[in-house]
Amino acid sequence: MGRITFYEDRNFGGRSYDCSSDCADFSPYLSRCNSCRVESGCFMVYDRPNYMGNQYFMRRGEYSDYSRMGMFENIRSCRMIPMHRGQFRMRIYEREQFGGQMNEMMDDCDSIMDRYRMSDCQSCNVMDGHWLMYEQPHYRGRMMYMRPGEYRSFRDMGYSNMRWMSMRRIMDSC
């Protein structure tokens, strides 16, 4: 089981809130969140309530100042990523509603353009494992956490102007 502690101020100052599961909104516990410690497990943190907005992957460690990591907003919600042992499998589609070119992935892909000659990915079906999708090749740019399920339209999920160009498995080494 994972455990993360959020702090109102940078350098682990101010009030704190311990969390070991999903939390859709920190506002009842903290007025703001500017640093955290991940004691165990992996988490996705979001800069808006209800798991919305920009997403950031956090693994065991200390994060004393979010702005040094390129995060300029307070963290408002988090989702614990369960450990997964076993195979990883995801189908990615060029268009929404599982349309266009389809490719099945079982390992990391640093560029869908180089590997599959796909210029875009607008929907996917995660069959096994937990994945991170990145806006740019080589695991750069904004990211999106994908757990098992069908994702028919990234645009309908609030990612209308984004292209997902690389994908990485979240391994159980968190």
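Reader: What should I know about the model before I start?
Author: The model is predicted, so local features need pLDDT of at least 70 and side-chain atom pairs count only at pLDDT 80 or more, while totals for chains, interfaces and linings use all residues. Residues are numbered from 1 along each chain as its sequence is written, and side-chain values use heavy atoms, with hydrogens and water left out.

Reader: How many helices and strands does the chain have?
Author: Helices (H or I, at least four residues) and strands (E, at least two) are DSSP runs, numbered from the N terminus. Here the chain has 1 helix and 14 strands.

Reader: How do I read the radius of gyration?
Author: The radius is taken over C-alpha atoms, and the globule rule is 2.2 Å times the number of residues to the power 0.38. For 174 residues that rule gives 16 Å; the chain has a radius of gyration of 16 Å, so it is as compact as a globular protein of that length. The C-alpha trace spans about 50 × 35 × 25 Å along its principal axes.

Reader: What share of the residues is buried?
Author: Buried means under 20% relative accessible area, exposed over 50%, and partly exposed in between (1.4 Å probe, protein chains only). In this chain, 48% of the 174 residues count as buried.

Reader: And what is the accessible surface of the chain?
Author: Accessible areas come from the Shrake-Rupley method with a 1.4 Å probe; for residues, only the protein chains shown count as cover. The total is about 8,700 Å², and 41% of it belongs to carbon and sulfur atoms.

Reader: How far apart are the mean positions of the positive and negative charges?
Author: Lys and Arg count as positive, Asp and Glu as negative; His and the chain ends are not counted. The place of a charge is NZ of Lys, CZ of Arg, CG of Asp or CD of Glu. For the 25 positive and 23 negative charges, the mean positions are 1 Å apart.

Reader: Which residues touch the most other members of the largest nonpolar core?
Author: In soluble globular proteins, nonpolar side chains tend to be buried together. A nonpolar core is a set of buried Ala, Val, Leu, Ile, Met, Phe, Trp, Tyr and Cys residues joined through side-chain atoms within 4.5 Å. The largest one has 22 residues, and Ile92, Phe154 and Met167 touch the most other members. Strand E8 (89-95), helix H1 (112-116), strand E10 (123-128), strand E11 (131-136) and strand E12 (140-146) each give two or more residues to this core. There is also a second, separate core of 19 residues, which includes Cys19, Cys23, Phe43 and Met71.

Reader: What does Ile92 touch?
Author: Contact means heavy atoms within 4.5 Å. Not counting residues up to four places away in sequence, the partners of Ile92 include Ile112, Tyr116, Cys124 and Met167.

Reader: What share of the chain's contacts join residues at least 24 apart?
Author: Take the contacts between residues at least 6 apart in sequence. Of these, 67% join residues at least 24 apart.

Reader: Where is Leu132, and is it buried or exposed?
Author: Leu132 is in strand E11. Its relative accessible area is 3%, so Leu132 is buried. Beyond four places in sequence, Leu132 touches Met44, Phe57, Met143 and Met167, among others. Leu132 and Arg169 are 37 residues apart along the chain, and their C-alpha atoms are separated by 6.3 Å.

Reader: What about Met146?
Author: Met146 lies in strand E12. It counts as buried, at 0% relative accessibility. Leaving out residues up to four places away in sequence, its partners include Cys124, Trp131, Tyr151 and Phe154.

Reader: Where is Asn34, and what is it in contact with?
Author: Asn34 is in the loop between strand E2 (13-19) and strand E3 (35-40). At 15% relative accessibility, Asn34 counts as buried. Its contacts, leaving aside neighbours within four places in sequence, include Tyr7, Arg10, Tyr66 and Asn74.

Reader: Which residues other than glycine have a positive phi?
Author: Asn50 is one of them, with phi near 60 degrees. It lies in the loop between strand E4 (42-48) and strand E5 (52-58). His138 has a positive phi of about 65 degrees. His138 is in the loop between E11 and E12. His138 is partly exposed, with a relative accessible area of 41%.
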